[in-house]
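Q: Could you walk me through one side chain and then the ligand site? I'd like a close look at what lies around each.

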Amino acid sequence: MLTVSAVAEKLGLNVVVKGDMSQIVSGCYISDLLSDVMAHGKDDDLWITLQTHPNVVAVAVIKGISAVILTNERNPEPETIRKAEAEKVTIMVSSLNTFELAGLLYMMLKDDGSVHAGTS
Amino acid sequence: MTENSPSEGTFHLMGGEFTNAGSASSELKSTLIKVGVEKSIVRRVAIAAFEAEMNVIIHAVAGTLRYEITTEAVTITVTDMGPGIENINQAMQPGYSTAPDWVREMGWGAGMGLPNISKHSDLFKIDSVVGEGTTLEIIFDLKEKNADS
Ligand SMILES: Nc1ncnc2c1ncn2[C@@H]1O[C@H](COP(=O)(O)OP(=O)(O)OP(=O)(O)O)[C@@H](O)[C@H]1O
Ligand SMILES: [Mg+2]
């Protein structure tokens, strides 16, 4: 089982807000539409997005998402950081673009047995 | 807001108040976990409550989110003062949205909120009067075993 901290380390992510780094990562969802994440994200998913505003934290809390990753080196807004600290939601930043990061993450999760092709 | 009990309570919502959006739903989620509602139901209630809360913030002027928890059901009633919904069937269509561009830039306005509420609840009623406001009643059964959606 992969943890958030293992993912952060292997993918060289910059951890901006440290929540529960020992949380299990069981999959990942990628979307910049918040109601789409509400509909299709799952408990213990990582969430990759370009959205940097505080509602990202609210969605992560409601959905029980294990951590949020912002790509293309986009930094969370100051209010987003404050909210994430209060709610203990992990926020990490990658210098890679979404495609590159998702590819690496997919391979990691597949090696770990968490991703099975053809299931959703 | 601090007077809410484990069995019923009210949250006040303000249109345009995006910064604290979701706080009513996450407090409700904590309450449901505390009173021991089954995890899969908590998840469904939280999703529906959040979408309803966001719709007041995005589309209306002000409103309230009320909850009632019994051994039978969780009932959420969201009432707002706002523009109302002219065509409810159209509003229920996935992808239909009147959200302005700046709201869409935040990632809202995919037209998925009302369909999400409908999908995750056991009973969903909308009443709306154009120029006055909208009321949603959303019910989750706690008794029967429902197919988990
Ligand atoms: N409380 C409300 N008051 C007035 N209009 C509403 C309200 N709730 C929904 N609507 C109308 O119904 C449409 C569809 O709502 P829905 O929640 O499905 O999508 P959205 O809010 O536009 O986008 P999303 O939920 O994906 O962020 C809205 O764009 C709006 O026109
Ligand atoms: Mg909506």
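A: Happy to! Lys83(A) touches Pro54(A), Val57(A), Thr19(B) and Asn20(B), leaving aside residues up to four places away in sequence; contact here means heavy atoms within 4.5 Å. This is a predicted model, where local features need pLDDT of at least 70 and side-chain atom pairs count only at pLDDT 80 or more, while totals for chains, interfaces and linings use all residues. Residues are numbered from 1 along each chain as its sequence is written, chains are lettered from A and ligands numbered from 1 in the order in which they are written, and side-chain values use heavy atoms, without hydrogens and water.

Lys83(A) belongs to helix α4 of chain A, residues 78-87 (helices are DSSP runs of H or I, at least four residues, numbered from the N terminus). Its relative accessible area is 18%, so Lys83(A) counts as buried (under 20%, using a 1.4 Å probe and protein chains only).

Now to the ligand. Ligand 1 lies between chains A and B. It is surrounded by 21 residues, with His59(B), Asp80(B), Ser97(B), Thr98(B) and Gly109(B) the closest; a residue is included if one of its heavy atoms lies within 4 Å. One nitrogen atom of ligand 1 is 2.8 Å from a side-chain N or O atom of Asp80(B). On the backbone side, an oxygen atom of ligand 1 is 2.7 Å from a polar atom of Gly109(B), and an oxygen atom is 3.0 Å from a polar backbone atom of Ala110(B). The protein covers 95% of the 600 Å² of accessible area that ligand 1 has on its own (Shrake-Rupley method, 1.4 Å probe). The elements giving two or more residues to the shell around ligand 1 are α2 (39-59) and α5 (113-120) of chain B.

Key: Buried means under 20% relative accessible area, exposed over 50%, partly exposed in between (1.4 Å probe, protein chains only). A polar contact is a pair of N or O atoms within 3.5 Å; within protein, one must be able to donate a hydrogen and the other to accept it, and residues adjacent in sequence count only if both atoms are side-chain atoms.
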